[in-house]
Amino acid sequence: MSEDSLMERLDADCIIFYGSETGTAESYATRLAADGQGDSALKHDKTVAFVLATTGDGEPTESAANLFASVAGEAPALLRLGSSPLQSLQFMIFGLGDSTHDHYNAMARSINHALVRLGATRIGELGEGDDGEGTLEEDFLAWKEKAWAALEHVRVLRRTVPEHVYALDVVEQPCLSKDSSTVYAGELNEQQLKGSTSATSYHTGDHAAIWPMNPDPEVVRLLNALGLTDKQDTIIEMHPRYYSISSSSLEHPRRISVTAVVEARLVSGRLFHGLATNYLLALKQATHGYPTYRVAGPRNSLQGGKLPVHIRQSSFRLPADPLRPVIMVGPGTGVAPLSANAWPCVCGARRSVP
């Protein structure tokens with residue numbers, strides 16, 4: 001299906017695609033769509049917008065894997081339609097990345113290059129948000145304004161201020177309580193855990209997806225702001241955080257290790273704690289000064305130090321030939337997978353010493 005027929009089918013002048021891992025790219029795409037609803041008099045060519053996060057070693061998110069394969073893979077399916085199958089397409093693109101990683105915004109850059117190669121025309125700049133510098137929000141806002149301005153030059157576009165519509169309403173059900181079996185209390189289900197048959201079945205180089213929870217003080221702050229102070233048993237579900245597994249499946253096939261730094265930063269006089277790392281710390285010990293977590297989980301489903309986690313496969317693998325030389329460079333951001341792959345060699349060398 002071409003981009004024009006898809007837009008005609010959806011009766012749309014602009015379609016926004018996003019590839020999100022933790023929900024940030026999805027949030028930006030939603031905001032971009034809300035801003036676009038205030039625009040009218042869109043004429044002639046259709047426009048597609050992409051908001052794409054980069055994960056792991058420059059890999060697409062799970063939700064954007066098919067898009068990447070079709071557009072920027074080794075043998076893009078769209079090339080079967082001709083040398084320039086997207087020549088009538090105009091697009092805008094914003095990437096979310098981390099400049100402390102080697103493959104900074106690799107997903108957005110790859111898709112941008114591939115779309116141009118397939119004949120599409122980019123409107124405005126290739127936007128790049130940098131989470132490593134903590135300027136992701138500022139980068140997105142700056143790109144969005146420039147993108148709308150560029151769009152105005154190529155179209156007859158009259159912008160209006162969109163009317164804010166509340167999408168959230170609180171409805172009381174007196175017959176229900178937090179203990180009612182029909183009330184969702186935040187338990188993770190099999191679908192959320194990706195249907196993994198065994199959370200500890202992994203291969204060296206894979207990622208551990210840890211499902212953290214908000215610390216109690218932050219939950220209380222939000223409930224107070226919403227006027228729901230008496231609803232402190234409410235569980236706010238978080239997206240998983242991904243960590244490179246630092247243990248080796250050859251040496252420890254049933255045990256997973258992650259390597260992380262427990263952080264807390266002072267911003268405008270307020271202390272912000274790393275969400276997942278402090279949650280892991282809270283599972284191990286109760287340390288003075290750290291936020292408190294209800295580590296037992298909803299309905300005590302995580303009692304006994306249980307942790308909701310699933311495994312995401314990675315393409316990071318060593319050569320199959322064990323005699324092939326390998327050079328590993330650990331700049332600090334990639335030490336976990338290097339440690340995992342080096343560990344079997346270290347253990348083998350120790351066993352060979354008489």
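## Strand 8 and its sheet

His-207 has Arg-312 in strand 12 as its bridge partner. The two residues belong to a pairing between strand 8 (residues 207-210) and strand 12, which runs in the antiparallel sense over 4 bridges. Two strands are taken to pair if DSSP finds at least two bridges between them. Helices (H or I, at least four residues) and strands (E, at least two) are DSSP runs, numbered from the N terminus.

This is a predicted model, in which local features need pLDDT of at least 70 and side-chain atom pairs count only at pLDDT 80 or more, while totals for chains, interfaces and linings use all residues. Residues are numbered from 1 along each chain as its sequence is written, and side-chain values use heavy atoms, with hydrogens and water left out.

The open sheet has 3 strands in the order 9-8-12, with antiparallel pairing. Strand 9 (241-244) and strand 12 (309-312) stand at the edges; each has a single partner strand, so one side of each lacks a neighbour in the sheet. From one strand to the next, the twist averages 30°. For such angles, axes are lines fitted to C-alpha atoms, for helices over the stretch in contact, and values run from 0 to 180 degrees between N-to-C directions. In a regular strand, side chains alternate between the two faces of the sheet.

## The hairpin of strands 10 and 11

Strand 10 (residues 264-267) and strand 11 (residues 270-273) run antiparallel and are joined by 4 bridges. Ala-264 has His-273 in strand 11 as its bridge partner. The two strands form a hairpin with 2 residues between them, and Ser-268 in the turn has a positive phi of about 55°.

## Helix 2

Helix 2 (residues 24-36) has 13 residues, which at 1.5 Å a residue should span 18 Å; its end C-alpha atoms are 18 Å apart, in agreement. The expected span is 1.5 Å times one less than the number of residues.

Ala-25, Tyr-28, Ala-29, Leu-32 and Asp-35 of helix 2 are buried. Here buried means under 20% relative accessible area, exposed over 50%, and partly exposed in between (1.4 Å probe, protein chains only). The five residues listed cover an arc of only 125° around the axis, which puts them on the same side of helix 2. The arc is that of the directions from the helix axis to the C-beta atoms.

## Loop residues

Asn-105 is found in the loop between strand 5 (90-97) and helix 4 (106-117). Asn-105 has a positive phi of about 50° although it is not a glycine, and at 0% relative accessibility it counts as buried.

The loop between helix 7 (275-284) and strand 12 holds Arg-299. Arg-299 is partly exposed, with a relative accessible area of 39%. Arg-299 and Asp-179 are 120 residues apart in sequence, and their C-alpha atoms are 8.1 Å apart in space. Gly-304 also lies in the loop between helix 7 and strand 12. Gly-304 is exposed, with a relative accessible area of 82%. Between Gly-304 and Leu-283 there are 9.3 Å in space, C-alpha to C-alpha, and the two are 21 residues apart in sequence.

## The chain as a whole

The protein chain contains 8 helices and 12 strands. Of its 354 residues, 35% count as buried. Among contacts (heavy atoms within 4.5 Å) between residues at least 6 apart in sequence, 73% join residues at least 24 apart. The accessible surface comes to about 21300 Å², of which 53% belongs to carbon and sulfur atoms; accessible areas come from the Shrake-Rupley method with a 1.4 Å probe, and for residues only the protein chains shown count as cover.
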